[in-house]
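Dear colleague,

I am passing on the structure below, together with some notes on one residue and its surroundings. Please read them beside the coordinates.

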Amino acid sequence: MELEHRGDMNMKQKKLAVLFPGVGYTCAKPLLYYTGMLAAEHGYEVLRLDYGQDIHTFKGRTMEDLRPVIELAVERILPVLEKVPNEAYRDILFISKSIGTVVSCEAQERLGWKVRHFLMTPIPAALPYLEKVNGVFLAGTGDAYIEAKLVRQAARKYPDKAVLILEGCNHSLEIPGETAGNIERLRSVLECLKRELAP
């Protein structure tokens with residue numbers, strides 16, 4: 001977990017994107033791989049977090065199962081983030097997926113940093129944070145880990161934060177068997193991120 005630097009930049013110009021993966025959905029998977037690449041192209045230093053093999057291979061998926069896993073992930077990444085000179089960056093963007101949406105919000109609370117969030121496929125435990133975080137979220141209505149009614153309720157409650165709700169899409173923001181369509185959906189995700197990246 002090392003920062004990728006984009007050459008020598010004036011301290012006041014530095015920007016940081018931190019990628020928070022999900023369970024089994026590492027930073028090498030499409031949504032995080034390409035959002036990280038896009039952030040780097042826009043001058044962000046990129047920090048890709050890793051919770052450890054035991055978390056990435058964890059099989060439980062209920063909120064009861066995930067709560068201790070989320071807490072363990074937070075405890076593991078806090079020492080990494082505490083070494084980051086956050087005051088050196090004019091913009092910090094937390095890009096997160098699945099349980100990473102909760103981990104990123106809890107990390108921000110514990111660190112006290114001023115950050116913006118790009119929350120992809122939030123799980124139910126992330127929804128209470130939408131009230132207080134600065135950022136946006138993207139979700140699918142066919143996600144097995146959050147009921148469609150919760151996604152739609154959140155979109156109605158926070159219309160300015162719900163930048164992309166994909167009908168019928170699963171926890172990877174995909175529809176199985178629609179390869180070309182899934183590539184277009186990924187393009188839509190990147191367009192949403194592009195609007196959130198600081199110039």
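The notes below begin with the conventions and then turn to glutamate 106 and its helix.

This is a predicted model, in which local features need pLDDT of at least 70 and side-chain atom pairs count only at pLDDT 80 or more, while totals for chains, interfaces and linings use all residues. Residues are numbered from 1 along each chain as its sequence is written, and side-chain values use heavy atoms, with hydrogens and water left out.

Glutamate 106 lies in helix 4, residues 99-111 (helices being DSSP runs of H or I, at least four residues, numbered from the N terminus). With a relative accessible area of 9%, glutamate 106 is buried (under 20%, with a 1.4 Å probe and protein chains only). Leaving aside neighbours within four places in sequence, glutamate 106 is in contact with Arg67, Ile70, Glu71, Val74 and Tyr129 (heavy atoms within 4.5 Å). The side chain of arginine 67 is joined to that of glutamate 106 by a polar contact of 2.6 Å (a pair of N or O atoms within 3.5 Å, of which, within protein, one must be able to donate a hydrogen and the other to accept it; residues adjacent in sequence count only if both atoms are side-chain atoms).

Helix 3, residues 63-82, meets helix 4 through residues that include Arg67, Ile70 and Val74, with Glu106 among those on the helix 4 side.

Best regards

Note on methods. Helix = DSSP H or I, 4+ residues; strand = E, 2+ residues; numbered from the N terminus. Buried < 20%, exposed > 50% of the residue type's maximum accessible area, 1.4 Å probe, protein only.
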